[in-house]
Amino acid sequence: MNKKILQSSRRRPGQNFLFIGSFTVPLCIYIILSLYLKTWIVDDAGISFVYSRSLAEGFGLVAQPGAERVEGYSNFLWVLIYTPFFIINFFDPVITPKIISGIFVALLFYFITKIFIQLKRSSISGFIVNTLVAFNAPFIIWTCSGLENALYVLLIIVIIYIALKYSFEMKKKLVITGAIITFLICITRPDGILFTLIFPIAILSTREKLK
């Protein structure tokens, strides 16, 4: 056991460098390519903006102050995420969405690498997949659009990561975490209900008792 610990500690600096590079390098590629879109924001993002602004100003979830409470959006969690920025008067219709999405993309690349480490015990596979994603034009366009795409993809990858982790560890806290993430997916987009099956499948596929 001690020999294994010593061997893993000797490999750790290189492994850590590879791990960090597996998501930071693709993130840099993504950021550079996304700069070509400059100030572009899709028109539909304005719907989320106005609902968040109304909520922040105390008018509730309405398109305009005094308007009827009609759900004109399908990305409730995304609307909630924007709301604090309106409360502190720190919202810019271009900069704020792009920074928030950029953070979610960074987390997405991180969890993709974590998934491959669990499966392959290597960061190289994560680096390859992250790089391919970073070069993907539709991914760049829609995660820079001002809509919830970056958040949506991140949550899906996170629930896959948790389900995979559960299949190895089977801890109760992972069940709770999985339930929370599944709920967040559902309130991000309606079609997120399809992904509610991921974690139950992970639970049913294991027969051992929870720890």
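The questions and answers below concern this predicted model.

Q: What makes up the fold of the protein, helices or strands?
A: The protein has nine helices and zero strands. Read from the N terminus, the elements run α-α-α-α-α-α-α-α-α. Along the principal axes, the C-alpha atoms fill a box of roughly 70 × 45 × 30 Å.

Q: Why is Phe19 called buried?
A: Buried means a relative accessible area under 20%. Phe19 has a relative accessible area of 18%, so Phe19 is buried. Phe23 has 15% and therefore counts as buried. In the protein, buried residues make up 38% of the 211 residues.

Q: Why is the pair of Phe19 and Phe23 called edge-to-face?
A: Two rings pair if their centres lie within 6.5 Å, and planes over 60 degrees apart count as edge-to-face. The ring centres of Phe19 and Phe23 are 5.3 Å apart and their planes stand at 75 degrees, so the pair is edge-to-face. Both residues lie in helix 1 (residues 2-34), four residues apart, which is about one turn of the helix.

Q: What makes the pair of Phe49 and Tyr82 edge-to-face?
A: The ring centres of Phe49 and Tyr82 are 5.3 Å apart, within the 6.5 Å limit, and their planes are at 70 degrees, over the 60 required, so this pair is edge-to-face. This pair links distant parts of the chain: Phe49 is in helix 2 (residues 45-56) and Tyr82 in helix 3 (residues 76-87), 33 residues apart.

Q: How do you know whether Phe49 and Tyr82 are buried or exposed?
A: The relative accessibility of Phe49 is 11%, under the 20% limit, so Phe49 counts as buried. Tyr82 has a relative accessible area of 0%, so Tyr82 is buried. Ring pairs link Phe49 and Tyr82 with Trp78, Phe86, Phe91 and Phe104 into a cluster. The count of aromatic pairs comes to 17.

Q: Which residues of helix 5 are buried, and what puts them on the same side?
A: In helix 5 (residues 124-134), the buried residues are Gly126, Asn130, Thr131, Val133 and Ala134. They cover an arc of only 160 degrees around the axis, and therefore they lie on the same side of helix 5.

Q: Why does Ser123 count as buried?
A: The relative accessibility of Ser123 is 7%, under the 20% limit, so Ser123 counts as buried. Ser123 is found in the loop between helix 4 (95-120) and helix 5. Leaving out residues up to four places away in sequence, Ser123 touches Leu18, Phe19, Ser22, Thr113 and Ile117.

Q: Which residues touch the most other members of the largest nonpolar core?
A: Tyr30 and Phe109 do, out of the 48 residues in that core. The largest share of this core, 14 residues, comes from helix 7 (residues 149-169). Not counting residues up to four places away in sequence, Tyr30 touches Val105, Phe109, Ala134, Phe139, Ile140, Thr143 and Cys144. In soluble globular proteins, nonpolar side chains tend to be buried together.

Q: Why are Cys28 and Cys186 called partly exposed?
A: Partly exposed covers the range between the 20% limit for buried and the 50% limit for exposed. Cys28 has a relative accessible area of 45%, so Cys28 is partly exposed. Cys186 has 29% and is therefore partly exposed.

Definitions and conventions: Residues are numbered from 1 along each chain as its sequence is written. This is a predicted model: local features need pLDDT of at least 70, side-chain atom pairs count only at pLDDT 80 or more; totals for chains, interfaces and linings use all residues. Side-chain values use heavy atoms; hydrogens and water are left out. Buried means under 20% relative accessible area, exposed over 50%, partly exposed in between (1.4 Å probe, protein chains only). Helices (H or I, at least four residues) and strands (E, at least two) are DSSP runs, numbered from the N terminus. The arc is that of the directions from the helix axis to the C-beta atoms. A nonpolar core is a set of buried Ala, Val, Leu, Ile, Met, Phe, Trp, Tyr and Cys residues joined through side-chain atoms within 4.5 Å. Contact means heavy atoms within 4.5 Å. Rings of Phe, Tyr and Trp (its six-membered ring) pair if their centres lie within 6.5 Å; planes under 30 degrees apart count as stacked, over 60 as edge-to-face and the rest as tilted.
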